[in-house]
Amino acid sequence: MELRVDRERCISAGMCVLTAPEVFDQDTEDGRVVPLDLAPAPEREVAVREAVQVCPSGALTLVPGD
């Protein structure tokens, strides 16, 4: 799976960081999402999918892999 992040759409809610801290962080200046891994390992898929679902701005998208 491939993770896509739209930082312009992010509202700095931080739900992604709370849900999958090994994949997401927040910018110290503006609080927007900072992806740590755009191709998360399969064992992180459940947490990443949940983070995408709970993102209030819709700034996160998952694209299925091959």
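**The core and its surroundings**

Author: Happy to! The largest nonpolar core has 15 residues, and Leu3, Cys16, Val23, Phe24, Val33 and Leu60 are those with the most contacts inside it. Helix H1 (15–19), H2 and S4 are elements that each supply at least two residues of this core. The largest share comes from H2, which gives three residues. Please keep in mind that you are looking at a predicted model. As for the general background, nonpolar side chains in soluble globular proteins tend to be buried together.

Setting aside residues up to four places away in sequence, cysteine 16 touches Pro21, Phe24, Val33, Ala51 and Leu60. Among these partners, Phe24, Val33 and Leu60 also belong to the group with the most contacts inside the core.

Leucine 18 is found in helix H1, and it counts as exposed because its relative accessibility is 68%, where exposed means over 50%. Together with Met15 and Val54, Leu18 makes a nonpolar surface patch of about 270 Å².

Next, follow the chain to strand S4, where threonine 61 is found. Threonine 61 has 41% relative accessibility, so it counts as partly exposed. Leaving aside neighbours within four places in sequence, threonine 61 is in contact with Glu2, Leu3 and Arg4. Take arginine 4 as an example: 57 residues separate it from threonine 61 in sequence, yet the two are 5.0 Å apart in space, C-alpha to C-alpha.

Is serine 57 buried or exposed? Serine 57 counts as buried, because its relative accessibility is 13%, and the cut-off for buried is under 20%. If you leave out residues up to four places away in sequence, serine 57 touches Arg9, Cys10 and Ile11.

Finally, let's turn to the charged side chains. How many salt bridges does a search of the whole structure find? The search finds six. In one of them, aspartate 27 pairs with arginine 7, and their closest N and O atoms are 3.6 Å apart. This pair links distant parts of the chain, 20 residues apart: aspartate 27 sits in the loop between strand S2 (24–26) and strand S3 (33–35), while arginine 7 sits in the loop between strand S1 (2–5) and H1. Aspartate 27 is partly exposed, with a relative accessible area of 24%, and arginine 7 is partly exposed too, at 29%.

Another salt bridge joins glutamate 8 and arginine 32, with 3.5 Å between the closest N and O atoms. Glutamate 8 lies in the loop between S1 and H1, and arginine 32 in the loop between S2 and S3, so this pair ties together parts that are 24 residues apart in sequence. Glutamate 8 counts as exposed, at 66% relative accessibility, whereas arginine 32 is partly exposed, with a relative accessible area of 24%.

Arginine 32 also forms a salt bridge with aspartate 30, where the closest N and O atoms are 3.7 Å apart. Aspartate 30 is partly exposed, with a relative accessible area of 35%. Salt bridges that share partners join Arg7, Glu8, Asp27, Asp30 and Arg32 into one network.

Note on methods
Residues are numbered from 1 along each chain as its sequence is written. This is a predicted model: local features need pLDDT of at least 70, side-chain atom pairs count only at pLDDT 80 or more; totals for chains, interfaces and linings use all residues. Side-chain values use heavy atoms; hydrogens and water are left out. Buried means under 20% relative accessible area, exposed over 50%, partly exposed in between (1.4 Å probe, protein chains only). Contact means heavy atoms within 4.5 Å. Helices (H or I, at least four residues) and strands (E, at least two) are DSSP runs, numbered from the N terminus. A nonpolar core is a set of buried Ala, Val, Leu, Ile, Met, Phe, Trp, Tyr and Cys residues joined through side-chain atoms within 4.5 Å. Patches are made of residues with over 30% relative accessible area and no salt bridge: like charges are joined within 9 Å, nonpolar side chains (Val, Leu, Ile, Met, Phe, Trp, Tyr) within 5 Å. Accessible areas come from the Shrake-Rupley method with a 1.4 Å probe; for residues, only the protein chains shown count as cover. A salt bridge is a side-chain nitrogen of Lys or Arg within 4 Å of a carboxyl oxygen of Asp or Glu.
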